[in-house]
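Thanks for making time this morning.

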Amino acid sequence: DTPGINDTEMTPETVRDRLWEFGYWAPEGVDAVLVIPRGRFNESVHKNLVTLEEFFGDRIWQHSIVVYNQTEARPETIWENTTSQWQSPWIRKWKSAGTSICTVDEVRKDADKEPIRDDRTVQAVRDLLQAIVTRQGAYHHDAIEKAREEKVTLTQQAMSGLTTPHWRREMQKTNDELMEGRMSREMWFGRMEEITAGDLVERKTQEREQQERAEKQKAQEEAEEEREARVAAQQATATAKATAEEARKATEAAKQKAENMRKEADARRSSWNVKVAVGTVVGAVGGAVVGGPLGALAGAAAGGAGTGAIAEK
């Protein structure tokens, strides 16, 4: 089922591109190609085989199994047919290349008109395939190498644009399927677009969450700074109040001390005056007794002065 064969709407360039994409399914090369001519071997079949050979090269026949479907002919009969206008040149080419030929009998059907599986034909094709692989190994072509090189480039570019671990793992799985030939080029591009979109969404989500966390942390830090400033202000106010209270108490104590000192001074002056007066009287009485009026004056002066001196001491 080769693209472009019998398709008159496809240009040769399109056919080459489609066949080149086939290389994505065969990263290690092609074990064998099953060539199944449709109907009688006529000019149409001939052109199809020419197209196949032009693309893959004549070495492809060393890795081919030509299957004649629904025929009573045997392989040896086909090999001996050298008179057919369109088939004979290919018979000679296939003999030279060592191409394998397999024939399939008319399809038998059961009572329900369902095709009966022909296990003998299946096994015959498997045996031929194994013989080709053993004898020739895998078939390689420029299209396969080109596909391999492009796959490497595409997978590297796809990985380089991803940032989130989850989608990088998904891309690696997809790349592995592509490199192993389990995914076509078209399928890979579709999956790559899905992964790229998913990575972008997750990256934007992570950036938004990171920004929200940063804003939340900043708000918490600002709240903590405000709380600390409030506590510091309260402590400063309390310290100022305590200092003011201490100053007030010190002022009150100073005032009280001054008041006490004033009272003590007043009390000492009062006591001194009384003592001077008593000394004067006593001196006057004593002087009068001794010397009359003049003695009284002298005794009063002496008595007052002596009493004052004692009081000051």
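How many salt bridges does the count come to? Please keep in mind that this is a predicted model; in it, the count comes to 13 salt bridges.

Let me begin with the pair formed by Glu 53 and Lys 93, whose closest N and O atoms are 3.4 Å apart. Glu 53 counts as buried, because its relative accessibility is 18% and the cut-off for buried is under 20%, whereas Lys 93, at 33%, is partly exposed.

Two further pairs sit within helix H8. Arg 227 and Glu 224 form a salt bridge with 2.7 Å between the closest N and O atoms, and these residues are three apart in H8, about one turn of the helix. Glu 259 and Arg 262 also meet in a salt bridge, at 2.3 Å from N to O, and they too are three residues apart in helix H8.

Staying with charge, Glu 221, Glu 222, Glu 225 and Glu 228 form a negative surface patch; Glu 221 lies in helix H8, which spans residues 185-312, and is partly exposed at 41% relative accessibility.

Finally, the largest nonpolar core has 23 residues, and among the members touching the most others are Phe 41, Trp 61 and Trp 94. Helix H2 supplies the largest share of this core, five residues.

Note on methods. Residues numbered from 1 in each chain as written. Predicted model: local features only at pLDDT ≥ 70, side-chain atom pairs only at ≥ 80, totals over all residues. Heavy atoms only, no water. Patch = residues over 30% accessible without salt bridge, like charges linked within 9 Å, V, L, I, M, F, W, Y side chains within 5 Å. Areas by Shrake-Rupley, 256 points an atom, 1.4 Å probe, with all protein chains shown as cover. Salt bridge = Lys/Arg side-chain N within 4 Å of Asp/Glu carboxyl O. Lys, Arg positive; Asp, Glu negative; His and termini not counted. Charge placed at Lys NZ, Arg CZ, Asp CG, Glu CD. Helix = DSSP H or I, 4+ residues; strand = E, 2+ residues; numbered from the N terminus. Buried < 20%, exposed > 50% of the residue type's maximum accessible area, 1.4 Å probe, protein only. Core = buried A, V, L, I, M, F, W, Y, C linked by side-chain atoms within 4.5 Å.
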